[in-house]
Each structure stands twice: as structure tokens, then as C-alpha cells.
Amino acid sequence: MRTLLIVLSALCGPALLAEKMPSVEIDSVVSYYKPEQAFKRIGEYLGGEEQTGRKIILRTQTSPRKGLYFVVRITEFADELPAGCFFEVDLLRPDKKRPVTKRFDLPANPKSHREIWLGFTGDDQPANDEPPVAWRVRMLGPDGQELSSYQSFLWSKPADDESASTEQ
């Protein structure tokens, strides 16, 4: 019996001591094109930094700020997530044949917000402000494990070989 307890504690102990990942989900995702002026607040005109309000803003390029943004709402506050969590956005642009994947790292000490804006700015935004063909947003833990994902309808389109197998 003592041997069994030793074996069980050796097997289960590390799992119990590991940092518990919160049960967090992506609640919704909406995409918008935002012009540069949409980010200017009065404080910035008076010589201050960009004020983000009640959201976390992450961009592929810091300047210009205009571009395609995915507004992601999560079920937990960002500051409750373990350090090292990040987002990946797969984007099928109308001017590209293959999806583009961009990584957005949460800051080391994120604010206590549930809204995160992931921006494709500068050269990373689709040409002529055209809407994306399809997209997928994934939230990943520090170990790269997927915590949650949210995708557009067209992202889940069946592969060509699956649609070709229908009866004629």
C-alpha cells in the first residue's frame, strides 16, 4: 500500500503543483478597419502617450496605427492569465493565395481588461482596406497549447478533396 501511495504521489504531484490555467475562452471576435485618427485622444494632442482606454491594443507594426483590427473579447481578465500567453491570427487576405499568420504577445503585466485589439497595420494590412476572405484567432498558453479559438465561417470551409468526394 505504501508503495502505491509513493507511485501515485510521484505521478500526480507535478500535475497538482503546476500552475493552474484559468478556464478562459474567446467570447467574441469582430473585425474593423480603423483610421489613424480613431486612436488619437486629447491627452495625446497635449504631448502625452497613446491612451488605450479599457482595452489592450497590440499591433504588427507600431506605426502607422491605421489598419485591420480584430477586437477580441475574452471571458477572464487579461491580468489573470499566466505570463507568456499570446494570440495568433491566421488571415486569408484577398491579395494573397496562402494565409498569413501573425503572433501577438500579451505584455508582461497586462491591464485588467477583457477586450484585446489585434491590429494588422502598415504593410501587414490587406491592400485597399479590403475585408479578409477568412480568419481564425487563437489564444495560446505559455507552452503553446491552445486555450481557445474563434474563426470566421469561411475558415472552416471543407478541403477541396472532401467536396470532390460527393456522389454524382
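A: An open sheet of four strands is found here, with mixed pairing and the order 1-3-6-2. At its edges are strand 1 (26-34) and strand 2 (56-59), each of which pairs on one side only. Strands are DSSP runs (E, at least two residues), numbered from the N terminus, and two of them pair if DSSP finds at least two bridges between them. This is a predicted model, in which local features need pLDDT of at least 70 and side-chain atom pairs count only at pLDDT 80 or more, while totals for chains, interfaces and linings use all residues. Residues are numbered from 1 along each chain as its sequence is written, and side-chain values use heavy atoms, leaving out hydrogens and water.

Q: In which sense do strand 2 and strand 6 pair?

A: Strands of a sheet pair through backbone hydrogen bonds, either parallel or antiparallel. Strand 2 and strand 6 (residues 115-121) pair in the parallel sense, over four bridges. Ile56 stands opposite Ile116 in strand 6.

Q: Which residues are in contact with Arg73, leaving aside its neighbours within four places in sequence?

A: Contact means heavy atoms within 4.5 Å. With those neighbours left aside, Arg73 is in contact with Glu25, Ile26, Asp27, Ser28, Arg114 and Glu115. The C-alpha atoms of Arg73 and His113 are separated by 9.1 Å, the two residues being 40 apart along the chain.
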